[in-house]
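Please read this briefing alongside the sequence and the coordinates.

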Amino acid sequence: MSDVRHVAGDDGPEPGYAVVVAVANPDSVEQLMRTAIDLASDRDGRIRAVSVVHKPVTSPFLLFSDERIKREFATDRTAVLDRAVAAAEGAGVPVDRSLLVGSDVAGAVRSAIEAADADAAVIGWRERSRPADVVLGTTVDPLLRRAPCDVFVERIGRTADGLDAVLLPTDGGPHVAPAADLAGAVARANAARVTVVSYVSPAAGADARDRAADLVAAAAGRLSGVTAETDVREADAVGEAIASAADDHDLVVLGATREGGLRTRVVGSVARTVGRRAAPPVVIARRGSDASLVDRALDRLR
Amino acid sequence: MATHAFAALVGAALLASLSMAWALGANSNSPPFAPAIGANAISTMRAAFLVGVLATAGAVTQGGSISATVGSRLIEGATITPLAATAGLVTAAAYMGLGVYSGYPIPAAFATTGAMIGVGIALGGDPAWAVYRRIGAFWLAVPVVSGGIAYLTATLLRRDDVPETVGVPLLAAFVGGLLAHVRLGVVPAPPGRDQGTVAGLAARAVGGPDPLPGVDPAAVGVTLAFAAVAFVAVRRRTRRSVKGGIRSFLLVLGGVVAFSSGGTQVGLATGPLEHLFRVRLGLPGIALLAVGGTGILAGAWMGAPRLLQATSREYAQLGVRRSIAALVPGFVIAQAAVALGVPVSFNNIVLSGVIGSGLAAGTAGVSRRKIATTVVFWLLTLGSSVLVGYGLYRGLSGLLGIR
C-alpha cells in the first residue's frame, strides 16, 4: 500500500528546474541541502524538500488516515522539513515542503518527484546503516532503478568545510552526463576546480587509451565556466585508484556504472567501492530512466 | 531407498518448519515490547532478548492447541504427509516473504490456514466446515472484541474521576485473574487434554471434576488470589510514582503479551508436522514445539532489535495509556485463541486495539480506503493460499511420484 498524498505543494508543478531532496535524518539535512542548493541555484531552479512518514505494513497505525498520521504522529518529520527550509535561508533558492505518508518509501519519494515534475532528486545514503536508517538503505536501490529524473545519491557522514577540488572519474556510459552536470554546478557555486579522469589497465593498448582520452574530453566538454584538468591514468583496481585519488579532493562525483552481477547493476561495483573507501563526500549520479512499462514490470521481478 | 527418501522428506519438512518459525519470530513477536521501549522502561536490546525468551517459552508451553488445529483439524479424512507439510509450509513462507518484500498486509495466520486447507484437499481430504465456521467466527469477532476491550480500557484510563492509582491496578488485577486461566502445556491437565490451567489444577487438587472457569470455588479463589496479587503489586508501585507504576505495568503486560504471541504463532510453523512427529515418529508434542520455539528464538533475536527500533517510536507517539489499551486486548484475544485452538494473526488484534483506543479519545481518524484495501488483502491471502497450497502439493507430488 503505497498511498501517498501531499500536504504542501498541491498546486501542481511549476515551470523551471526543480530539485527534490528527500530528508529523513536531522543530522544529514544540511549536507543534502547543500548539494540541492548548488544544483538548483546553478539553473535558477527551486527545491522541494520531501520527507516520508514511513508506516510499515506491520504498523499499528496502518489503518489511520494520512491526515491523522501527519497531524498526530509526524512531529519528527515536520522538524526535519523545518530544518531543510532553514538550511536554504539566504541561498536565494525557493524551497517548499511536502510531507508524505507511505509504507513504501521509495514509491513515496518517486511520487513526490512526479508531483513536483522534478528534474533531479538528491537522496542520502549511509554506508554503515544503523537500524534507524535501514529504511533509507533499502530505499536507494529501488528509487535509483525507476526514478523518472536524474538521481544523486550522496553518502552521508563526512563533509568538507571548504570546497576547492572536485574529482570526476568517468568511463563513459549514460550516467556521466548528470555526474558532470553536478560537478560543474558545485564547482561554479564554490569556485572550485574539477579533475576529470579516466582509468585504463596498465596493459591497455593504444586504442583503449585513445578511447579513454575521448571519454575524458567528452565529460570535460560538459563543464563550462569551470577550471578543469583532464587525465588518463593507469590502474588495475579502478575503485581503489579513485578512492586514493579522492584524498586530494573535497568531493567525488561518479556516474553509476553498469558492470557486475545482478546485485550491483544499479549502482555498479566501482561506485560502491569508492563510496565505501573514499574519504571525502561521494555522490553517485544516475540518469533518469525513461523505461517502458515492460521494463518497469521486469524490474519489479528482479 | 524408501527410508532415504523418507529421511530426506522429513529433513525438508523440518527445515521448512524451522524457517517458518524463524520468519514468524523475526516479524511478529516483537510489537508487545515496543510500547515499553517507547516509554523508556527498557532498552531495545534487552527487550529483544526478552521477546525471544518469552515468545519461545510461550511457544513451548502454549503452542500445542493451535498447532493441533493447523495440523489435524482443518481437513477430514486425510493425514498430512511430510511432502504435504513441506508444500504447505513453503506456501505460507512464500506469502510471508511476499508481505515483507512488497509491503502488503499479508497475515501469516491466514496464509498458513489457507495453505494447509489447500494441501489437505489436494491429499484427498474433505474440508472441515465446522472448524472453518468456528475459525471464521473468531476472526470476524477479533476486530469488534479487540477494539471494544481497547475502547473500554482507554476510557477507564482517561477518566478523571478514576485516579491512576485505582485504574491501572484494576487493569492489572484483570490481567492477573486471567493469568490463572491461561492454558499451559506444563500444568497437569485433566484427562483428554494437553494443556491445563492453574485455576483448574487448584480446583482438581481440592477435589471434584475440572470446573468451568468461575464455577468451582477453588478456581474462583485462585483467580481472585492472582488478581489480588497483581492489584496490590501494581497499586503499590503506582502510589509511589504514577509514571513508574504505569511503566512497570507496561513492561509486565508486554512480557505477558510476548509470551502469548509465541503461543499463538508457533503453531503456524509446527502444525503441518504434527502428524509426522506425533504419529509417525512417535515423539511427544513438546519436542515439535521445542523445534518451533528454537526457530522463533533465533528469529526474534535476529529480527527483533530492528523491528523494535522502528515500532517503538510509533508507540512512543501513541502514548502510554493508549499503548496499554492496545495490549490488553492483545493478551485477552491471544489467550482465547490458545484456549480455542484458533490460529490468529497478532498484528490484526493490535491493529483493532489501537483503533479502539483511539475511538476513546474522540475520533477514529481511520481511512476507509485503507481499511478496505487491508481487508481485501486479507481475503485475497486466504483464498489464494488455498489454491497455491493445492497446486504446489499436486505439482511436487506429481514431480517426485510420492504422496
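## Interface between the chains

In this predicted model, about 2,600 Å² of area is buried between chain B and chain A, and carbon and sulfur atoms give 55% of that area.

- Contact between the two chains involves 29 residues of chain B and 29 residues of chain A.
- The count of salt bridges between chain B and chain A is one, and the side chains of A:Asp66 and B:Lys370 meet in a salt bridge with an N to O distance of 2.6 Å.

**Chain A as a whole**

- Chain A contains ten helices and ten strands, and of its 302 residues 54% are buried.
- Among the contacts in chain A with a separation of 6 or more, 81% are between residues 24 or more positions apart.

**Helix packing in chain B**

- Helix H6 (residues 108–122) of chain B and helix H16 (residues 368–400) of chain B cross at roughly 35°, with axes that come within 7 Å, and the crossing of H6(B) and H16(B) is right-handed.
- H6(B) contributes residues including B:Phe110, B:Gly114, B:Ile117 and B:Ile121 to this contact, while those from H16(B) include B:Trp378, B:Leu382, B:Tyr390 and B:Arg394.
- Sorted by class, the contact of H6(B) with H16(B) has twelve nonpolar, five polar and one charged residues.
- Helix H10 (residues 217–240) of chain B packs against helix H11 (residues 242–270) of chain B at an angle of about 145°, and their axes are 5 Å apart; H10(B) passes H11(B) in a right-handed crossing.
- The contact is made by B:Val234, B:Arg237, B:Thr238 and B:Arg240 from H10(B), together with B:Val242, B:Gly245, B:Ile246, B:Ser248 and B:Phe249 from H11(B).
- The residues of the contact of H10(B) with H11(B) comprise four nonpolar, three polar and two charged.

**Single residues**

- B:Thr238, in helix H10 of chain B, counts as buried because its relative accessibility is 0%, under the 20% cut-off for that class.
- Leaving aside residues up to four places away in sequence, B:Thr238 touches B:Glu164, B:Thr165, B:Val168, B:Pro169, B:Gly245 and B:Ile246, and of these B:Gly245 and B:Ile246 belong to the H11(B) side of the helix contact.
- A:Thr170 lies in the loop between strand S6 (165–169) and helix H6 (176–190) of chain A, and it is buried, with a relative accessible area of 6%.
- Again leaving aside residues up to four places away in sequence, A:Thr170 touches A:Val176, A:Val196, A:Val197, A:Ser198, A:Leu215, A:Val216 and A:Ala219.
- B:Ser72 is found in helix H4 (residues 64–73) of chain B, and it is classed as partly exposed because its relative accessible area is 47%, a value that falls between the 20% and 50% cut-offs.

Terms used:
Residues are numbered from 1 along each chain as its sequence is written. Chains are lettered from A and ligands numbered from 1 in the order in which they are written. This is a predicted model: local features need pLDDT of at least 70, side-chain atom pairs count only at pLDDT 80 or more; totals for chains, interfaces and linings use all residues. Side-chain values use heavy atoms; hydrogens and water are left out. Axes are lines fitted to C-alpha atoms, for helices over the stretch in contact, and angles run from 0 to 180 degrees between N-to-C directions. Helices (H or I, at least four residues) and strands (E, at least two) are DSSP runs, numbered from the N terminus. A crossing is left-handed if the near helix is turned anticlockwise from the far one by less than a right angle, and right-handed if clockwise. Contact means heavy atoms within 4.5 Å. Ala, Val, Leu, Ile, Met, Phe, Trp, Tyr, Cys and Pro count as nonpolar, Asp, Glu, Lys and Arg as charged, and the others, Gly among them, as polar. Buried means under 20% relative accessible area, exposed over 50%, partly exposed in between (1.4 Å probe, protein chains only). Buried area is the accessible area (1.4 Å probe) that two parts lose on being put together, summed over both. A salt bridge is a side-chain nitrogen of Lys or Arg within 4 Å of a carboxyl oxygen of Asp or Glu.
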